[in-house]
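Open the model in your viewer and keep the selection tool at hand. Each stop below says what to select and what is there.

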Amino acid sequence: VGPVSSNWDRACELYAQIKGTVVDYGVCHSRDAGHSRFGTDYTGQGFYPQWDASQRIHFVGHSMGGQTIRMLEILLQEGSGCPEDTNPLFTGSGNWMRSVTTLSSPHDGSTLVGLLGDGLIGFLKNLIVGFAGITDETIFEALYNFKLDHWGITKQPGESFNSFWNRLESSILSNDNTDLAPFSVSEDGARKQNNLGRQTYPNTHYMSFATERTRPERTCIFWVFCWDYEVAENGMFFLLRVTAGLMGNSEVAVEKRKNDGVVHWESMKCPTSSSQGKDNCRRYNGNWQPNQWNWIDVPYFDHMQVVTTNSWNDIFNYDRSAKKLYVDHAQRIISLNNGNLANSFKEDYGLAGQVVDMSEYDQSSEINKWHKVSMASSVFMGLLVVGAVLLSARKLRGRLRKEQETDSQEEFNELEMQGTVESRGESIPSSIIGIRDPAVSAFASTKKSMDEGSEVSPKSMYDL
């Protein structure tokens, strides 16, 4: 779905991709937002076209994806409220979701939006590039689709990611546009979405994973004036360390300081900024009940690491790895079907007539093999990083030396043209002697000779 689109537009795109239809953003919504009503045509490409209230499915979403899933549920349950909408997505079709799982999702919005202000757009750009694990001018530019056709904005052939982003910023991408991601993930945007529907719906199971990678700190002056704040822990993704400190500063409300670099911890538990409050929100106790939010604390992942499988924990500490988190939750999801996978899934994968019980899943052989591969790839990547750092340092040292030599020569040329370089030592400015350059000893030696009365021509100085 569109990475910078609003949760409403993303929910419409998600629905069309699953059902295999044309994206319909709704008559009233598209008119109010100022974009086209229809988007990409997914006819014949649906993930699960038979999806409806009798064949419910499980949803898992990371970050804003969790909000998007909830918006899709609200539209299916409540409808769009627009009499002109006839699409089943907007007519209150009922409960189509078996379970909803969110990871690091800003259910109540993120304080980072308000803290960054005008800098949010630049951070969003860096987050998209950083999340992809690659930089500009790569295959990323050719593959990443922002799905903004309904806004009349498409990536041109040969257009770089930076050029496209600049064009996006100058047209629709701003904090003031309430039909784009910046508003949807803000606290005001989340509150608006939460009030469109209920916190939970009957017969649907809800689970959230709340990630955190900061620790509390205290600074005092004379043990009298003290202030508390949160700082990034070692191991946090480098792009998020600054934002983690910004979100955890002492001016932020205490309950909103703990964070994963993008979302504060309390917001990830469940949606509470609605009329229902926290009544249906509880820590998971091993019994996954429907019609209430269950949350699990994940204190060893930041916002990025929870969706990667090549972190330090994945290699050396399986019990605190992302893979174990996913395997354990897969067991929970399958348990909702009494240990059986859906018949359609088993038919697609040649498992018809079989019972698939995740409790009998033998992890040891696969984990050991996977650890060896991860270890090898991590060591290889580590060597590449070290080599790149050493090469960069060597190039930087050479460039600085060249710049120093250039500066020394330019300064001397300027002094020579001004006629300040004479045969008497006292006429040479002391700044010449202080130039930080390998030739400084030669200059010092020359000045000593001149001080002793020896004649040194300007050309000799220039040659030095």
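**Stop 1: H3 and H9**

Select helix H3 (residues 64-78) and helix H9 (residues 187-194), whose axes come within 10 Å and cross at roughly 30 degrees. That angle is under 35 degrees, so H3 counts as roughly parallel to H9. The crossing of H3 and H9 is left-handed. Now show side chains. H3 contributes Gln67, Arg70, Met71 and Ile74 to the contact, and H9 contributes Ala190, Gln193 and Asn194. Color by residue class: three residues of this contact are nonpolar, three are polar and one is charged. Bear in mind that this is a predicted model.

**Stop 2: H1 and H3**

On the H1 side, pick Asn7, Trp8, Arg10, Ala11, Leu14 and Tyr15. They meet Met64, Gly65, Gln67, Thr68, Met71, Leu72, Leu75 and Leu76 of H3. The contact of H1 with H3 has nine nonpolar residues, four polar and one charged. Gln67 and Met71 of H3 belong to this contact and also to the one with H9.

**Stop 3: H10**

Move to helix H10 (residues 238-247) and look down its axis. Which residues of H10 are buried? Select Leu240, Thr243, Ala244 and Met247. They lie on the same side of H10, because they cover an arc of only 110 degrees around the axis. Now turn to the face away from that buried side. Phe238 and Val242 are there, and they are exposed.

Notes:
Residues are numbered from 1 along each chain as its sequence is written. This is a predicted model: local features need pLDDT of at least 70, side-chain atom pairs count only at pLDDT 80 or more; totals for chains, interfaces and linings use all residues. Side-chain values use heavy atoms; hydrogens and water are left out. Axes are lines fitted to C-alpha atoms, for helices over the stretch in contact, and angles run from 0 to 180 degrees between N-to-C directions. Helices (H or I, at least four residues) and strands (E, at least two) are DSSP runs, numbered from the N terminus. Angles under 35 degrees count as roughly parallel, over 145 as roughly antiparallel, 65 to 115 as roughly perpendicular and the rest as oblique. A crossing is left-handed if the near helix is turned anticlockwise from the far one by less than a right angle, and right-handed if clockwise. Contact means heavy atoms within 4.5 Å. Ala, Val, Leu, Ile, Met, Phe, Trp, Tyr, Cys and Pro count as nonpolar, Asp, Glu, Lys and Arg as charged, and the others, Gly among them, as polar. Buried means under 20% relative accessible area, exposed over 50%, partly exposed in between (1.4 Å probe, protein chains only). The arc is that of the directions from the helix axis to the C-beta atoms.
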